[in-house]
Amino acid sequence: MNFHSVTRNLLFAVLGVNALWVGCAHAALGGDAASVPADAAELHGAVNTEIRQQYDLQEISGEGGMRVREYLGRDGVVFAVSWSGPVLPDLQRLLGTHFAEYSAALKALTHPGLQRSVRVASSELVVESGGHMRSYAGRAYLPALIPAGVSAAEIL
Amino acid sequence: MRPIMVMAPLLAAAMLSACVGGNGTSAASVAPPMPQNTLAVTVDAGPPAASGGPPIGAINHAYVTVKVCVPGSQTECASIDHVLLDTGSVGLRLVRSVLAAHAVTLGAETDAQGRAIGECMSFAGGQTWGPVALADVTMAGESAGKLPVQVMDDRTVPSPAPPATCGANGTLINGVSGFNANGVLGLGVFAQDCGQLCVGAATPQAVYYGCTAAGVCTAENVILTDQVTNPVTLFAADNNGIIVNLPNLKNANGDATVQGELIFGIATQTNNGLPATGLTVLGTDSSGDFKATYYTSTTVLPALIDSGTDSYAFNDPALTVCSSGSFIGYYCPVGAPLSRSAVNTGVGANNATSTVNFAIEDPTTFVANATAFTGLAGGPGSSRFIWGMPFFYGRQVYVGIEARVAGIYTGPYYAY
C-alpha cells in the first residue's frame, strides 16, 4: 500500500497531541478526526495517512503487528474502522457510541457459545469481527455514511 | 528438614521393592506401562444452563470430562463434564460457579510482585475474565500437574472487577451459557495461549493483568510458564499433540448424539500412529493459521481446523443467509445440498496442498432435537476460513504442538 503525505510518529503523538485528546475523544466510528491520534496513543502506535479521492485512510501501526485503520470522510466523520493483529483491540473505543448496539446484537445471537466469527448488520451499523488469540481481524462501518461511489469492499 | 530428605529415597526404594513382589521380575527390566491415552468425546445438547434444568441446546459441540484437583490434593477434586473441546484455542478455562458447585476453589497464581494474575481472553462473541489459577488436571491416564488454567468468574459482580476494556456492556461470556459448556479445553497448536507477545511487550498487551489485593488490575507481561498452558505439553508422555476421532454422521438432517474419542500423543503409542501414506500435514504460521482459498475465489485466507466452531465458517456473498428460524446468520442455501470446496496449503516445512470437498445443507431441514449436523455452514463477513465441527465427522484430525516432534513432523500443524 502506498502511504504518503503525512507521517506522524509515536513521539509526536505522545508529546504533542496525546495530552489534548486523550480523555475527550473516545469515539472512533461516527466520531471526528480527533479520534485518530487518541487511538494511536492508546495503541502506542504510529499513524500514516493516505489521502484518497473521497476520504482519508488513517492507519495506526502498533506493537506486535497490531493495525487499526480509520476511514475519515470529507465531512470529517469516521465512517469505517478496521483492525487486525494478535490481540483484539478495545472495540468499545473503536466503535464508540455504536458499541452498545453491537453488544446487544451479540447477546441476541441464536447460537451463541464460543464464536470465531460474528456479523452484526443493520441499516445503521455493520460489524464483522473474527479470529482467535494471536490473530484477530474485523471491520465496522456505517452504511449510510459511506461516501457515494465508495464500496464497502474498500474497507479492509 | 534434612532427616526427612535423607529418608525419602530410602522409603521410596522400600515401597518399590514391595510393589515388585516375589515373581522374580526386576523393576529395571520392565518398561513402565504406557498411560491410557484415550478420552471419550460426546456431541450432545450440552450441560443445563442452570443446575437441574434442561440441556442448554448446543449444536455441534464436542464435549469431554476433565478431572480437576487443587494442586497436591486427592480430595478437593471435581470431574467436570461438558467441557468444550476446542482445537482453535489453547488452555483450560473453567466456569467458576461449576467449580464452586463441586466445592473446588482454585487459588490465583501470583506474579513476581505478589499480585494475583488475571486474564482477559477475547473470543469473537465476547470476552472471558478471571484469575489464572493452578490445578492438577487429569484426562484419561494422563496428568498435568500445577497447570495454569483460567477460572472464568461468572459471578454477577466479578472480583476483582474486569478492567474497563474487558467485557464491556455485557460482552463478558464467563458463564455456562456463554460457551454452552462448563469450560473450554483448548488443545490448539501452541503451548501457551498468548506466548512471547505477552512476555516482552514494551506496552503489556491487554491480556494478562496483575491485580492488587484492593482489586486494581493493570496489564502486565507474564512469563511463559505462568501463562494459561496447553495441558498436553505438561503430560509425562504423549505430549506432542492430539488426535480427534469422530465417526461419520448417519443423517444429513442431524444425529441426536455422537460418540468419538480424543487421543493424546501422536506416534507415541500403538493407537496414535502416523499413517504411512495419505496424511495431509498443514503447518501453521506464528498465529496458528494455515492458508486456504475457497471455491472459485483466489483470495488467500487464514484458516484453521477448529472444533470450537460449530460450522464451516467463511464468507460467500452468493449464499443466502438464514433470516428466520433457529439458524439466523448461518447459510440457508437455495438448492441444497450445495457442493463446495476449498484448497488448504500448509505454511513452512509442512507445506502440503489439499482440496477438500464439502456439502452445505439447508439448516431449516434439520431435525429439531438433533445436536450434530454435517452440512452446517455460516460465517458471512468472515475474513478467514474455518473448518469447524462438520469437518471432523468421519475424520481423524491431528493437532501437532509447536516445536514438538512426531515422526517426521514438527509442530505447529493440523493434519488429516
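## An open sheet in chain B

In this predicted model, seven strands of chain B form an open sheet with mixed pairing, in the order E18-E17-E14-E15-E20-E16-E19. Strand E18 (353-360) and strand E19 (377-378) of chain B stand at the edges; each has a single partner strand, so one side of each lacks a neighbour in the sheet. Strands (E, at least two residues) and helices (H or I, at least four) are DSSP runs, numbered from the N terminus. Two strands pair if DSSP finds at least two bridges between them.

Strand E17 (residues 338-345) of chain B runs antiparallel to E18(B), and eight bridges join them. Within this pair, B:Ser341 has B:Asn357 of E18(B) as its bridge partner.

## How the model is read

Residues are numbered from 1 along each chain as its sequence is written, and chains are lettered from A and ligands numbered from 1 in the order in which they are written. Local features need pLDDT of at least 70, side-chain atom pairs count only at pLDDT 80 or more, and totals for chains, interfaces and linings use all residues; side-chain values use heavy atoms, with hydrogens and water left out.

## A covered strand

Strand E8 (residues 183-187) of chain B is mostly covered: five of its five residues are buried. Buried means under 20% relative accessible area, exposed over 50%, and partly exposed in between (1.4 Å probe, protein chains only). On one side of E8(B) lie B:Gly183, B:Leu185 and B:Leu187; on the other lie B:Val184 and B:Gly186. In a regular strand the side chains alternate between the two faces of the sheet.

E8(B) has pairings of both senses. Strand E3 (residues 77-86) of chain B pairs with E8(B) in the parallel sense over four bridges. There, B:Leu84 stands opposite B:Val184. Strand E4 (residues 90-95) of chain B pairs with E8(B) in the antiparallel sense over five bridges. B:Leu94 has B:Gly183 as its bridge partner.

## A covered helix in chain A

Helix H2 (residues 35-43) of chain A is also mostly covered, with seven of its nine residues buried. Those buried are A:Ser35, A:Val36, A:Pro37, A:Ala38, A:Asp39, A:Ala40 and A:Ala41. Just after H2(A), A:His44 takes a positive phi of about 55 degrees.

## The interface between the chains

Contact (heavy atoms within 4.5 Å) links 56 residues of chain B with 34 residues of chain A. The buried area is about 3400 Å², and carbon and sulfur atoms give 54% of it. B:Ala124, B:Asn169 and B:Arg384 supply 17% of the area that chain B buries against chain A, more than any other three residues. Buried area is the accessible area (1.4 Å probe) that two parts lose on being put together, summed over both.

Two salt bridges are counted between the chains. A salt bridge is a side-chain nitrogen of Lys or Arg within 4 Å of a carboxyl oxygen of Asp or Glu. A:Arg116 and B:Asp306 meet in one (2.8 Å, N to O). E3, strand E5 (116-123) and helix H3 (176-179) of chain B each supply at least two residues of the side that touches chain A.

## A:Arg134

A:Arg134 sits in the loop between strand E7 (126-132) and strand E8 (135-141) of chain A. A:Arg134 is buried yet has no salt bridge; the nearest side chain of opposite charge, B:Glu402, is 4.4 Å away. For charge, Lys and Arg count as positive and Asp and Glu as negative; His and the chain ends are not counted.

A polar atom of the A:Arg134 side chain lies 2.7 Å from the backbone oxygen of B:Gln192. Leaving aside neighbours within four places in sequence, A:Arg134 is in contact with residues including A:Gly85, A:Pro86, B:Phe190, B:Asp193 and B:Ser286.

Terms used
A polar contact is a pair of N or O atoms within 3.5 Å; within protein, one must be able to donate a hydrogen and the other to accept it, and residues adjacent in sequence count only if both atoms are side-chain atoms.
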